Amino acid sequence: MTQVRTRFAPSPTGYLHIGGLRTALYSYFYARKHQGTFILRIEDTDQARFVDGAVEKLIDIMKTMGMEPDEGPVASGTPNAANPHDLSYLGHKGDHGPYIQSLRSQMYQDHAQKLIDSGHAYYCFCTPAELDEMRAAQTAAKLAPMYDRRCLQLTPEDSAAKLASGMPKVIRLKMPRDRQIEFTDSVRGRVVFQGKEIDDQVLIKSDGLPTYHIANVIDDHFMEITHSIRGDEWLASTPKHLYMYEAFGWTPPTYAHLPLILNADKSKLSKRQNDVSVESYLSRGYSPEALINYIALCGWHPGKGSEQEFFTMEDLSDQFTMEGVQKAGAIFNPDKLNWFNHLWSKYKFYEKLDKEAINLNAGVHITKAKNQDRTYLFDDTTAEPKFAQIRATMLLQLAKLENHPSYQTDKDKFLRALLVTEDKILQNPSATSDNLQYFFSPRPLDHALLMNAKMGVDTAEKAQESLKFCQDILEKIPANIAATAQSELSPSSLGQIKQIFLDSIKAASRKNGEILWPLRAALTHEEFSVGAFETVWVLGQAESL
C-alpha cells in the first residue's frame with residue numbers, strides 16, 4: 001500500500017491566512033490519520049508578492065500550532081542581506097528537497113521544454129499590449145477571454161528566428177480543445193471540464209520563472225504527493241494540471257478541493273469584515289488549541305449523529321475523514337471562536353487544577369461537564385479551604401495581578417473576589433482588574449438600579465423595604481459563619497450564607513428576585529455583576545451591612 005503523503009504549499013506573502021491554516025490542518029490530519037507524511041513546501045515563484053521574513057515566520061507559526069512538518073524547510077543560517085528573496089540559506093529535512101520552488105527553477109524549465117518537444121506546449125511571443133487588445137475584442141464580442149493561439153500558427157522557422165533574436169516569450173500549455181477532462185474529487189465527487197473552455201495556461205513567464213501550475217505539478221510528482229488538499233479556488237485549474245500529468249506520463253494525486261471560508265454575508269473571508277491573520281489572533285490572546293478546534297469545524301463535521309465540538313489535536317487526527325468535509329462554504333463566526341477560546345482556557349486551567357486537587361486529597365471526586373466546568377467533592381473536609389486558596393492563587397497568577405493595590409491591602413477579600421469571578425477571568429484575564437472594581441471602589445449608586453419591575457420591585461418604597469429585610473438577615477448570620485467567611489476562602493461558608501438567605505425568604509413567603517435584586521444592586525452599584533450571595537461572601541458581613 002502506498003504511503004499517504006500530503007503537503008501544505010503556501011506563498012511567502014506576509015502572514016498565514018485563516019483559510020491557509022485550515023488547508024494545512026486538513027492536510028496534517030489526513031496524513032496523521034493514515035500514518036503518512038506531512039510536507040511543508042514554499043511556493044515563492046511570484047517574487048513580486050514576496051515578503052521578507054515571511055518564510056521564517058511561517059515555520060515558527062507551524063511549530064506554535066503544533067503541526068511541524070515531517071519534511072520541509074528549516075529555519076537556519078543567515079539571510080542574504082543583498083538579496084532577501086534568496087532562500088538558499090535555509091536548511092531542510094527530508095529526502096525530496098529542496099522544498100522551496102525558487103531553488104528548483106531549472107527543473108521547471110527542463111520539463112517545460114519536454115512539453116514543447118512532445119507537442120503539449122508552445123512558445124508565445126505576444127506582447128502585453130497585443131494580449132490586452134485581443135481580450136478587449138473578445139469582450140466586445142461577448143466571448144470568454146481566452147488566448148487565441150495566434151503564436152501556435154507560427155512556422156517552426158518563424159518561432160526559431162524569434163527565439164534567436166531574444167524576443168521576450170512565455171511557454172503556454174496546449175490544452176486539448178476536442179475532448180473533456182474529468183476526475184473524481186474527494187469533496188465534490190465527479191467533476192467534468194470541457195477542453196474547449198480552458199485557456200492555454202502560461203507555464204513559464206517571460207522572466208524565466210514558472211507559474212504555480214507547472215511548478216505545482218512537478219513538485220507534487222517528485223515529492224510523491226498522494227493527496228493534494230487545497231482551496232476551492234484551484235478547482236478550475238485542475239484540468240490543466242491533470243493534462244500535464246497525462247503529458248508527462250505520471251499518475252496524478254487524489255484531489256480534494258475545500259470549500260471557501262465566508263463572512264456572515266457569504267462573501268469571501270476578507271480583512272474588510274474580519275481579521276484573517278492567524279498571527280493576529282495569537283497576538284490577541286487566542287490559544288492555538290482554540291483556533292485549531294474552531295477552524296477544523298469550519299467545513300468539516302465528525303459524522304452524522306455526533307454532537308462533539310471540543311476536539312484536541314489528537315482527536316482531530318484520529319477522527320478526520322474527507323467524507324466529513326462539506327461542499328458548501330463555511331461561515332466564519334468570531335463569536336463562536338471566542339466561545340472556543342473560553343472553552344480551551346477553562347480546559348487548560350482545570351487540567352492543572354485537577355492535579356492540585358488530587359495531590360491535596362487523593363480521594364477527591366471530580367465531575368467534568370461538557371463545557372469543561374468542574375465540581376470537586378473532597379472526602380477530607382480540611383482540604384476544601386486549602387484547595388480554594390490554591391485555586392484563587394492560580395487565578396491571581398493567570399490575571400497577573402500579584403501587585404494590584406487591593407491585593408496588597410486585603411489579600412483574603414481579593415482572593416474571594418477572584419474565586420467568584422473565575423469564569424470571567426478564564427474568558428479574558430486582562431479584564432480582571434476592571435471586573436473586580438465594584439468590590440473595592442464602586443462608582444456612585446444610581447438609586448434607580450435598586451428597582452426592577454420584572455423582579456417585583458417597582459417602587460422606591462419596595463426597594464427600601466427589601467433592603468431592610470436583607471439587613472435583618474445579615475445581622476442574624478451566626479458569628480462562626482461570618483468569621484469563617486471572612487478569614488478563610490471557604491466555599492462552604494458561601495453555601496451557608498446562601499442557605500440562610502433562601503430559608504429566610506421562603507419563611508417570609510417572599511420571592512427571591514424582589515429581595516436579591518435590590519441587595520445585589522445596593523452592594524455593587526452595578527446593573528450586572530456576580531450574584532448577591534457571592535457579593536456578600538466577598539465583602540463580608542460588616543461591609544455588606
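Reader: What should I know about the model before I start?
Author: It is a predicted model: local features need pLDDT of at least 70, side-chain atom pairs count only at pLDDT 80 or more, and totals for chains, interfaces and linings use all residues. Residues are numbered from 1 along each chain as its sequence is written, and side-chain values use heavy atoms, with hydrogens and water left out.

Reader: How many helices and strands does the protein chain have?
Author: The protein chain has 22 helices and 15 strands. Helices (H or I, at least four residues) and strands (E, at least two) are DSSP runs, numbered from the N terminus.

Reader: What radius of gyration does the protein chain have?
Author: The protein chain has 33 Å, whereas a compact globule of 545 residues would be near 24 Å. The radius is taken over C-alpha atoms, and the globule rule is 2.2 Å times the number of residues to the power 0.38. Along its principal axes the C-alpha trace spans about 110 × 55 × 50 Å.

Reader: And what share of the residues is buried?
Author: Buried residues make up 49% of the 545. Buried means under 20% relative accessible area, exposed over 50%, partly exposed in between (1.4 Å probe, protein chains only).

Reader: What area does the chain expose?
Author: About 26500 Å², with carbon and sulfur atoms supplying 51% of it. Accessible areas come from the Shrake-Rupley method with a 1.4 Å probe; for residues, only the protein chains shown count as cover.

Reader: On to packing. Which residues touch the most other members in the largest nonpolar core?
Author: Leu-25, Tyr-26, Phe-29, Met-67, Met-322 and Phe-332, in a core of 59 residues. A nonpolar core is a set of buried Ala, Val, Leu, Ile, Met, Phe, Trp, Tyr and Cys residues joined through side-chain atoms within 4.5 Å.

Reader: Which elements give two or more residues to this core?
Author: Among them are α1 (18–33), β2 (37–40), α2 (54–64) and α11 (334–360). α1 gives the most, with 9 residues.

Reader: What does Met-67 touch?
Author: Leaving out residues up to four places away in sequence, Met-67 touches Leu-21, Ala-24, Leu-25, Tyr-28, Phe-38, Met-62 and Met-313. Contact means heavy atoms within 4.5 Å.

Reader: What about a second core?
Author: A second, separate core has 51 residues, including Leu-353, Leu-415, Leu-436 and Leu-494.

Reader: Leu-494 sits in α20, I think. Which residues are buried there?
Author: In α20, Ser-493, Leu-494, Ile-497, Phe-501 and Ile-505 are buried. They cover an arc of only 115° around the axis, so they lie on the same side of α20. The arc is that of the directions from the helix axis to the C-beta atoms.

Reader: And on the face turned away?
Author: That face of α20 carries the exposed residues Lys-506 and Ala-507. Just after α20, Ser-509 takes a positive phi of about 55°.

Reader: Now α18. How far does the helix reach?
Author: Helix α18 (residues 460–475) has 16 residues and reaches 23 Å from its first C-alpha to its last, close to the 22 Å expected at 1.5 Å a residue. The expected span is 1.5 Å times one less than the number of residues.

Reader: Which α18 residues are buried?
Author: Ala-463, Ser-466, Phe-469, Cys-470, Ile-473 and Leu-474. Their arc is only 140° around the axis, which puts them on the same side of α18. Glu-461 and Gln-464 are exposed on the other side.

Reader: What covers the buried residues of α18?
Author: The cover includes α20 (491–507), α21 (512–524) and α22 (532–544).

Reader: Changing topic. Where is Thr-45?
Author: In the loop between β2 and α2. Thr-45 is buried, at 9% relative accessible area. Beyond residues up to four places away in sequence, Thr-45 touches Gln-101, Lys-205, Leu-209, Pro-210, Thr-211 and Tyr-212.

Reader: And Gly-97, where is that?
Author: In the loop between β4 (91–93) and α3 (105–117). Gly-97 counts as partly exposed, at 33% relative accessibility. The C-alpha atoms of Gly-97 and Gly-513 are separated by 70 Å, and the two are 416 residues apart along the chain.

Reader: Last one: is Gln-138 buried or exposed?
Author: Gln-138 is buried, with a relative accessible area of 12%. Gln-138 is found in helix α4 (residues 128–140). Gln-138 and Asp-148 are 10 residues apart in sequence and 9.6 Å apart in space, C-alpha to C-alpha.
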